[in-house]
Amino acid sequence: MARLKTGIDSAFWDLNVASPQCHDGWAKSVPGDPFPVEASVASKVLRPQQFSFLRNELPFPIVAPFLSPTSPKDLGSFGLQALLLKLSSSRWKLIVGVKNEISKAKAEDFDPSTVKDVAKHFVDKALFSLGLTFQYAFSPSTSVLFGIEGHGEKAKLRRKVMLPHHDLTLEAAWPQLFLDHKGKYWDVPESLSVDLSSLLSESGIRWRVGLHKNGGNPQQVNATDGKPPLSLLPGLSLKSAVSYEKIYYFWRDKGTVEQGNEDVVPYDVRLNEPHSAVFGVAGGTFTLNGSSFSSSNSTEDLGVSTSRGFQFFGDVFGSVGYSFQRGKFTKKYGDLTRVDARLDISSASASAKKILNGSRADVGEQLPASPRLNLIFQQQVAGPLVFRADTRIAGLAVEDLICSLSYSLKSFESGKVVAWYSPKRKEGMVELRMYEF
């Protein structure tokens, strides 16, 4: 199924979304915003580990490109990442600058000074960035990670310390990068979090508790308009969430894999079960805020007061959906077609308040509390190559769209190299995903 766990994770600061803005390949989703589309949830494999893994397992070197917007809206960044080599971020302004310098010098007037002027564009520090990641493993399941990166066009370094991918997660970042549902990035000067989550349960019940602290005023990264989401303002927040999920299959073909028969071995074991099913998740969040904002919902459109002091809030979220898959993804052609549809309500109280107050929003400018319809379509192109489109619809408008091509690594049961692009954010990247939907 599509990630039912996305709902409970979205209530916290710790849900990572894929982003080429940072060297480690992810930013944080703004808590209280609509649930991110499934394709935007960041890979669980750390960025340096992705390149190390692929270099060891594939017979050719991996150089992963990424594309991202910069502060001026008319510019963009293109970069290449590889193990022990990072050529980022070559900008469109580099190409424009070189072109202008050459065009200024006519062929008959060309002299060495023109070459010097052109060379200046290649040594401009704004065109380069540097990242360093250090990870130490205390045990096979527990490690601590420290990361630092600097971008030539920015004066400040970005630092992170975390205990990743565990039932107990510790993280500190200064500054921390957040992405809201409008595709805008925000830098929070200081962000600290401690989260404890339940392990996977066959009963369908999940829970999570977390303590989070933000410090400093959020700054917009790639735009200059708009107010920061309320949930990013300075303050201390204690959060807890519990959810229950259930899946009902109308029909399901588990099948069996014949040992030694390569013709029936799936390219991805997580896409090997034809089925038709409905699924749902319902949960609640409980928040104690001691900050300059008084709502766990991130939008300023709901007219929430901003009085200081400790306040308690409760809310309900839920999702319901349908999933259909044809084919077992074992043949070279026509053996995988899959559709997932999911309706999300990230805040029942805010949705009810909107209805009672008769609030209306223009098409394409739906409030974060409004229900969202998420559609996922996957189609095998040839062999291990799959096209995928993730769409989030608010009202009658497409709010987000991510298109991707994935190449499944058959020898790893459920591993794939994914190249995705988001027209809304005007960014994309290549990453490795292991045992992920």
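Which residue has its charged end over the ring of Tyr267? Lys410 does, at 4.8 Å from the ring centre. By "over a ring" I mean NZ of Lys or CZ of Arg within 6 Å of the ring centre and within 35 degrees of the ring normal. There is another case: Lys160 lies over the face of Trp26, 3.5 Å from the ring centre.

Some ground rules. This is a predicted model, where local features need pLDDT of at least 70 and side-chain atom pairs count only at pLDDT 80 or more, while totals for chains, interfaces and linings use all residues. Residues are numbered from 1 along each chain as its sequence is written, and side-chain values use heavy atoms, with hydrogens and water left out.

Confidence next. pLDDT is the predictor's confidence in each residue, from 0 to 100. The protein chain has a mean of 78. In 72% of its residues, pLDDT reaches 70 or more. A contact means heavy atoms within 4.5 Å.

Now the aromatics. How many aromatic pairs does a search of the whole structure find? Four. Rings of Phe, Tyr and Trp (its six-membered ring) pair if their centres lie within 6.5 Å; planes under 30 degrees apart are stacked, over 60 edge-to-face, and the rest tilted.

One of the pairs is Phe35 with Phe317. Their centres are 6.3 Å apart and their planes stand at 85 degrees, so this is edge-to-face. Phe35 sits in the loop between β2 (26-29) and α2 (47-57), and Phe317 in strand β17 (residues 309-326), so the pair ties together parts 282 residues apart in sequence. Helices here are DSSP runs of H or I, at least four residues; strands are runs of E, at least two; both are numbered from the N terminus.

Buried or exposed? Phe35 is buried, at 4% relative accessibility. Phe317 is buried too, at 4%. The cut-offs: buried is under 20% relative accessible area, exposed over 50%, partly exposed in between, with a 1.4 Å probe and protein chains only.

Trp251 and Phe324 also form an edge-to-face pair, 6.2 Å centre to centre with 80 degrees between the planes. Trp251 belongs to strand β15 (residues 235-252) and Phe324 to β17, so this pair links parts 73 residues apart in sequence. Trp251 is partly exposed at 38%. Phe324 is partly exposed at 30%.

On to the sheet. Five strands form an open sheet in the order β1-β2-β10-β11-β14, with mixed pairing. Strands pair if DSSP finds at least two bridges between them. Which strands stand at the edges? They are β1 (16-18) and β14 (219-220); each has a single partner strand, so one side of each has no neighbour in the sheet. Further in the order, β10 (residues 176-179) and β11 (residues 185-188) run antiparallel, joined by four bridges. Gln176 stands opposite Val188 in β11.

Ser406 is in strand β21 (residues 397-408). Ser406 is buried, at 10% relative accessibility. Beyond four places in sequence, Ser406 touches residues including Pro384, Leu385 and Lys416.

Ala352 is in helix α5 (residues 348-357). Ala352 is partly exposed, at 36%.
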